[in-house]
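Biologist: I would like to learn how to read charged side chains in a model. Can we work through one together?

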Amino acid sequence: MAQLELPPPLRTPLYDRAIAIDARMTAFSGWEMPVQFSGITAEHEAIRDRAGMFDISHMGKFTLRGDRAIEQLQGLVPSDLSRLQPGQAQYTVLLNPQAGIIDDIIVYQEGDGNVVLIVNAGTKDKDKDWLLAHLDLTQVEFTDLTADRVLIAVQGPETVGHLQALVDIDLTKLTNFGHSSALIFKNPAFIARTGYTGEDGFEIMVTPEIGVKLWDALLASGVTPCGLGARDTLRLEAAMCLYGQDISDTTTPLEAGLGWVVHLDTKGDFIGRDVLERQKTAGVSRKLVGLNMQGRYIARHDYPVAIEGQTVGIVTSGTMSPTLGQAIALAYIPAEFAKLGQIVEVEIRGKLHPATVVKKPFYRSTNRV
């Protein structure tokens, strides 16, 4: 039987720039992406202490246009989007009827009926199909800009200093989760003060031609290029969920510690509301908790979590934190044990190693606006 040939991996417009500076590449959600440049720890420290940048052009980029765009989205997410003013954004989740998370997304309200959605690369097609199936396309125009735009995340306490000279707006006036249109090299750009690192920073969406020029300019100014490896250690220190590991279509936002995106009291009906109402009343059976490992043992994805020798949960993400010098992890365990100070055990290569339930996030920046 002939083997099924997989399609070649996709490459962003910045692929050649990464190869030119000896990036180590990896397959990720159908794309060939940099996993590291100078090294994961060095890149991680650059973001925490100075400024670094990621090519995140593989992420899904959608626009909705129409006077009822926000109203249409209201029925698909648990967050009250009606309170968003132009220039504001909301991190939220698309839900299925079981209140499982289809994807975590950011909704940017531009005003005048224009909305930008940024979604995960691995779920882009699934998200697009879901949105097209549930939006009234006679009232809302949907556009997929994924292949037509570069997206660069510039993160770290020195970001403004590197980026300000390249844009025509005052970046200091953008609040956290604020966004604006701007000009970069005299061309239109979308700039948002959002990120996935726990540090202050910006995400810039431009055409491929301008994206290459922007990358080159930031590199020349001393911004450190960073790959997916550092992106993962940074987001885990900040206890930011990774779709497909920490959250999925079988986890609800209340189980995942995302109750702050669920606004049951201020909005009407939405897909999955009945499930979340029941969970809110009765409580959830499991919760996503933070763990500090005792010792240098590192808990990894899918490692079992036990209490008194009995398996009760599972690790979803884990690493050795470069900032804290501590092995950290996220794990689902029964709600009755999800209290700070609870001792659990993680099974690593057939042996149980103790860990303590701790407050999330593991790291909180003092540089955030």
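Biologist: How many salt bridges does a search of the whole structure find?

Modeller: The model is predicted. A search of the whole structure finds 14 salt bridges. The test is a side-chain nitrogen of Lys or Arg within 4 Å of a carboxyl oxygen of Asp or Glu. R68 and E71 pass, with their closest N and O atoms 2.4 Å apart.

Biologist: Which salt bridge does R235 form with a residue of its own helix?

Modeller: The partner is D232, at 2.9 Å between the closest N and O atoms. Both lie in helix α7, three residues apart, about one turn of the helix. D232 is partly exposed because its relative accessibility is 29%. R235 is buried, at 0%.

Biologist: And where does D246 come in?

Modeller: D246 meets R235 in a salt bridge, 2.8 Å from N to O. This pair links distant parts of the chain: D246 sits in the loop between α7 and α8, eleven residues from R235. Both residues are buried. Elsewhere, shared partners join K124, D125, K128 and D144 into one network.

Biologist: What about E43, which has no salt bridge?

Modeller: E43 lies in helix α2 and is buried. The nearest side chain of opposite charge, R24, is 9.4 Å away. A polar atom of the E43 side chain lies 2.9 Å from the backbone nitrogen of S38. E43 also touches other residues, including F37, P225 and A230.

How values were computed:
Residues are numbered from 1 along each chain as its sequence is written. This is a predicted model: local features need pLDDT of at least 70, side-chain atom pairs count only at pLDDT 80 or more; totals for chains, interfaces and linings use all residues. Side-chain values use heavy atoms; hydrogens and water are left out. Helices (H or I, at least four residues) and strands (E, at least two) are DSSP runs, numbered from the N terminus. Buried means under 20% relative accessible area, exposed over 50%, partly exposed in between (1.4 Å probe, protein chains only). Lys and Arg count as positive and Asp and Glu as negative; His and the chain ends are not counted. A polar contact is a pair of N or O atoms within 3.5 Å; within protein, one must be able to donate a hydrogen and the other to accept it, and residues adjacent in sequence count only if both atoms are side-chain atoms. Contact means heavy atoms within 4.5 Å. Lists of a residue's contacts leave out its neighbours within four places in sequence.
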